[in-house]
Amino acid sequence: MGKVKNRWLIAASALGIHLSIGSAYAWSVFTNPMVEQYGWDTAQVSTAFSIAIFFLGMSAAFMGRFVEKHGPKKSGMLSALFFSVGVAGSGLATLTESLLLLYLFYGVIGGIGLGIGYIAPVSTLVKWFPDRRGLATGLAIMGFGFAAMISGPLAAALIDAINIPATFFILGVIYFTVMNLSSLYLAPPPKDWVPKGFEEKKSSNQKIKPDLSQLTANEAIKTRRFWFLWFMLFINITCGIAILAVASPMAQEITGMTAIAAATMVGIMGVFNGAGRLGWASLSDYIGRPNVYTVFFVIQVAAFFVLPFASNPIVFQVLLFAILSCYGGGFASIPAYIGDLFGTKQLGAIHGYILTAWAMAGLAGPLLLSLIYDSTNSYDLTMMIFSLLFVIALALSLWIRLDIRRIRNKKEVTPLAYEKGSVLNK
């Protein structure tokens with residue numbers, strides 16, 4: 001066996017890719033400059049971001065098998081190509097003042113790059129860190145959440161110093177370079193590789209349990225467990241992304257905060273979004289993924305119910321930061337949860353299928369909120385509906401525990417049947 005790569009450098013490479021594609025969260029930096037320079041309205045500019053998120057989820061689903069077949073290195077490079085062409089092509093779109101080209105390049109092409117880049121390193125990290133799945137995936141996906149803190153100020157400075165098209169061209173080159181360099185080190189671990197001391201720890205420490213099953217993507221989607229995870233993630237993202245879209249005006253309406261104070265709050269929300277990804281995912285290694293998701297939903301049932309009545313700015317912000325930490329933590333914990341339930345055989349493909357929940361939620365969340373707000377002129381009803389949605393999510397998180405317990409019990413009674421896969425899909 002040749003020299004085994006350093007798994008922490010693998011994690012750093014994954015972080016490099018996610019820091020690049022996570023720049024999509026800084027899209028709002030371009031909104032006002034585009035509106036002022038090209039005469040487009042805010043909704044038209046924001047549509048490019050919505051299209052990108054939709055294609056992120058769809059491409060993750062359809063390209064999951066590509067990631068499993070060709071590995072993270074080629075997948076990372078393909079992601080770099082699509083995403084950098086999408087960003088640089090947005091420069092051409094703004095240069096020609098074409099909204100359709102902007103939707104094509106940033107929304108469709110860039111969105112495809114987002115989807116491939118999101119799942120490629122994550123599925124690999126789960127295999128490199130069987131002992132710390134949550135921590136490893138949390139590190140990478142934290143990068144996606146924190147990226148806007150780097151790319152946002154950089155893009156704003158470039159727009160002020162030069163212009164919008166040149167900013168897109170420069171950023172496209174930067175992302176292409178960083179993502180390709182990061183992809184070069186990515187590789188799956190050797191067959192049957194485990195970290196030093198893992199087997200001893202596994203036999204002596206009950207916290208490290210064997211995976212519930214080893215399923216292909218087609219087998220996984222036939223199980224209840226898959227759809228429990230899908231709907232749990234869908235609800236978490238639907239409500240979280242809606243809050244992200246209206247946090248500033250909602251804070252001003254409910255608490256009377258000034259626009260400047262609300263803008264500062266939005267910046268701090270990004271910190272909790274990113275920190276929640278690492279914090280909750282790392283905690284899941286110790287208390288288990290089912291427990292973490294149950295805690296997410298208990299917190300958010302209460303937080304969304306109280307939010308419309310939280311006229312005190314400090315209380316309002318504490319509730320909002322708690323929601324955002326759970327929103328980010330849901331993204332970071334899901335790959336490890338998938339590994340626990342379905343194994344690592346086709347984790348990238350299964351993760352891709354699960355991420356279609358993101359594509360659907362990216363459309364449903366802001367749309368649901370805006371429709372209700374336009375009808376009632378208040379955020380109260382929306383927050384009540386979101387609280388009820390989290391009651392459903394909480395019920396699913398408890399139901400999936402029963403399903404896991406039932407399967408583990410059956411597995412102990414009929415292990416040979418499980419090895420043959422005869423009861424895994426029920």
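What percentage of the 426 residues of the protein chain count as buried? The share is 53%, where buried means under 20% relative accessible area with a 1.4 Å probe, protein chains only. The model is predicted, with local features needing pLDDT of at least 70 and side-chain atom pairs pLDDT 80 or more, while totals for chains, interfaces and linings use all residues. Residues are numbered from 1 along each chain as its sequence is written, and side-chain values use heavy atoms, without hydrogens and water.

The protein chain contains 16 helices and zero strands; these are DSSP runs, helices (H or I) of at least four residues and strands (E) of at least two, numbered from the N terminus.

Two packed helices are described by the angle between their axes and the distance between the axes. Here the axes are lines fitted to C-alpha atoms, for helices over the stretch in contact, and angles between N-to-C directions run from 0 to 180 degrees.

| Helix pair | Angle | Axis distance |
|---|---|---|
| α2 (residues 28–38) and α3 (residues 42–95) | roughly 135 degrees | within 6 Å |
| α3 and α6 (residues 164–185) | about 175 degrees | 7 Å |

Because of its angle, the pair α2 and α3 is oblique, whereas α3 is roughly antiparallel to α6. Angles under 35 degrees count as roughly parallel, over 145 as roughly antiparallel, 65 to 115 as roughly perpendicular and the rest as oblique.

In α2, Thr31, Met34, Val35 and Tyr38 meet Thr42, Val45 and Thr94 of α3, contact meaning heavy atoms within 4.5 Å.

How values were computed
Buried means under 20% relative accessible area, exposed over 50%, partly exposed in between (1.4 Å probe, protein chains only).
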